[in-house]
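My entries follow in the order in which I looked things up.

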Amino acid sequence: MAALEELEREYARAKRDKKFHARLDELLKTYAGRPTPLFFARRLTEKLGGAKIYLKREDLLHTGAHKINNCLGQALLVERMGKHRVIAETGAGQHGVATATVCALMGFECVVYMGTEDMRRQELNVFRMRLLGAEVRGVESGSRTLKDAINEAMRDWVTNVRTTHYLLGSVLGAHPYPTMVRDFHRVIGREARAQILKAEGKLPAAIIACVGGGSNSIGIFYDFINDKKVRLIGVEAGGRGEALGDHAARFRGGSPGVLQGTYSYVLQDSGGQIALTHSVSAGLDYPSIGPEHAALRDAGRAEYVPASDAEALEATTVLARTEGIIPALESAHAVAECIKRAPKMKKSEIVIVNVSGRGDKDVGILRENLKID
Amino acid sequence: MPLTFYKKPAMVAYVTCGDPDLATTREIVLAAIEAGADVIELGVPFSDPVADGPVIQRASERALKHGTSLGQVLTLAAEVRQHAQSTGLIIFSYLNPILRMGLGKFCKVARAAGVDGALVTDLPVEEAGEYLRAMREYDLAPVFLAAPTSPDERLRRIAEASRGFVYAVSRTGVTGQRQQLAEDARKLVKRLRRVTKLPVALGFGISTAEQFAEVGEFADAVVVGSAIVETVERNRGREAAAVGEFVRKLTAVSSELSAAAR
């Protein structure tokens, strides 16, 4: 609790500090490569025959996903707090890579916890983290994926709390993380809103983003929340089926519960034990969801739908061959929903899809699942 | 309320219920009581024991494999209560299983079973409003963890909300045995005594009679958890006897300390 309170105070101070914002903006611009383009997907639009499709290209950000927006913000806080050791959890490895990246940039010691099952399916990222100087510790307990990595990271944190900052990668965990991480990703939606108004002179009818913990989605949704006519659509991992354990669609089978310091919708059994989950994409494979998403969904402001493993894999090929963009499997879930939804929309309507990351890390899985070479 | 510490230091024993099975847990608990444990913490296994080290993690996994549930632990508590009238019984659980059962239902069943209190590992006092109301309604003692990193103001809040005793955590970290007791432990108990008159129990990392004696010099009770759980793990087929022997070794220290004090 003391560490959380310290972090909350430091973040509040930083928020009020013009120099903090200026420094973060500078790094986002010159180091990470912001702003990211909003790209009109002409061929995909024609193929689907409905709404005009724009792609927000977070995959073009340094390290290949949106994660670095948050890592840069938290890294500056670590510096302000005078800590030198950073730990993180990672699912697909993108947050791990972004954390290792900012630690190399700032000179911090870095330890990343990753489930051994995830290490196997996202090998490229494991190598990248080590090349960047981070220590990657495999977690063998439980399902050996993201939630187990979080458990281990939290154990490290409570043990080393005086010297260490836990650089949480999504809008989860105890306060202030869900708020703070969302704030660091708001830049995605802020840019997209300005970009679409410039390109089309009007707001989109819908925004589609994949939802694991919920950072990229809340990041693109947030600045549109007050634009009531813009539908906000979050896409969860529909996995391989509807039975508990075969997916990670929290709003399809979950109920309110507490996991890892957060009260939100959780996939759990009748005894309150947290359920195992499945998704072809490591980054969506998590039994709880950011509490702000739970609030948006309960308020009816945002809607959440699943996309299956098969649909995500298919969507990867479609985007690759229609627009020359290989999305991360996580982002492919958002593309899959776009493929279903755009044809039913008017040609005068606009839909923005958040391409939260690139798919290089997924070639192993894609090769196993698609008949290509 | 049997949450009284009769000797100095009193002994609080934690077990993970359902490892290897509930019937054996009952034998283990009764053996510990016979050997001198004043309070038993009945640990409810959880899928994501974030505050626990490898020993309790393994025990929880084994217990969950045959579906050990909060409901079953409460039933076990009732059975233990029938055999042990003056032992304190605390349900030690993460929050989610309790929320799933319902706070009101949990308290009602716990009270009926003769449970004295509960310690919810991941429920900070700041978020405990509803829980405290339910516990008070059913005359159950809420026990909270106080950490060495908690500032004085937080220790005060913990003390105000606590009933029965305050559980001081000896060091930053998770459950598990350690060779040396950290400096943190003594300082924390001292700071707690400034804000509470409740007995202070110290736990995390205690496994030997020497450590037990050392803690007994400044705390009212000593909590032993992982060491007992590991004794269970290492003595398949004679768990209760092994735990009884182990607890007896530790509580012998209290007799010596009491004798020395006279």
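This is a predicted model: local features need pLDDT of at least 70, side-chain atom pairs count only at pLDDT 80 or more; totals for chains, interfaces and linings use all residues.

Which residue of chain A forms a salt bridge with B:Asp48? I found A:Lys147, with the closest N and O atoms 2.9 Å apart. A salt bridge here is a side-chain nitrogen of Lys or Arg within 4 Å of a carboxyl oxygen of Asp or Glu. The count between chain B and chain A is 2 salt bridges.

Residues are numbered from 1 along each chain as its sequence is written, chains are lettered from A and ligands numbered from 1 in the order in which they are written, and side-chain values use heavy atoms, without hydrogens and water.

**Interface**

I looked up polar contacts next. The rule finds 12 residue pairs across the interface of chain B and chain A, both residues at pLDDT 80 or more. A polar contact is a pair of N or O atoms within 3.5 Å; within protein, one must be able to donate a hydrogen and the other to accept it, and residues adjacent in sequence count only if both atoms are side-chain atoms.

On the side of chain B that touches chain A, helices H2 (54-65) and H4 (95-101) of chain B each supply at least two residues. I took helices as DSSP runs of H or I with at least four residues, and strands as runs of E with at least two, numbered from the N terminus. H4(B) gives the largest share, 5 residues.

The contact takes 27 residues from chain B and 27 residues from chain A. Contact means heavy atoms within 4.5 Å.

**A:Glu79**

I found A:Glu79 in helix H4 (residues 68-81) of chain A. A:Glu79 is partly exposed, at a relative accessible area of 38%. Buried means under 20%, exposed over 50%, and partly exposed in between (1.4 Å probe, protein chains only). Leaving aside neighbours within four places in sequence, A:Glu79 is in contact with A:Arg23, A:Met106 and A:Phe108. A:Phe108 is 29 residues away in sequence and 9.0 Å away in space, C-alpha to C-alpha.

**B:Asp116**

Is B:Asp116 buried or exposed? B:Asp116 is buried, with a relative accessible area of 3%. I located B:Asp116 in the loop between helix H5 (103-113) and strand S4 (117-120) of chain B. The side chain of B:Asp116 reaches the backbone nitrogen of B:Leu89 at 2.7 Å.
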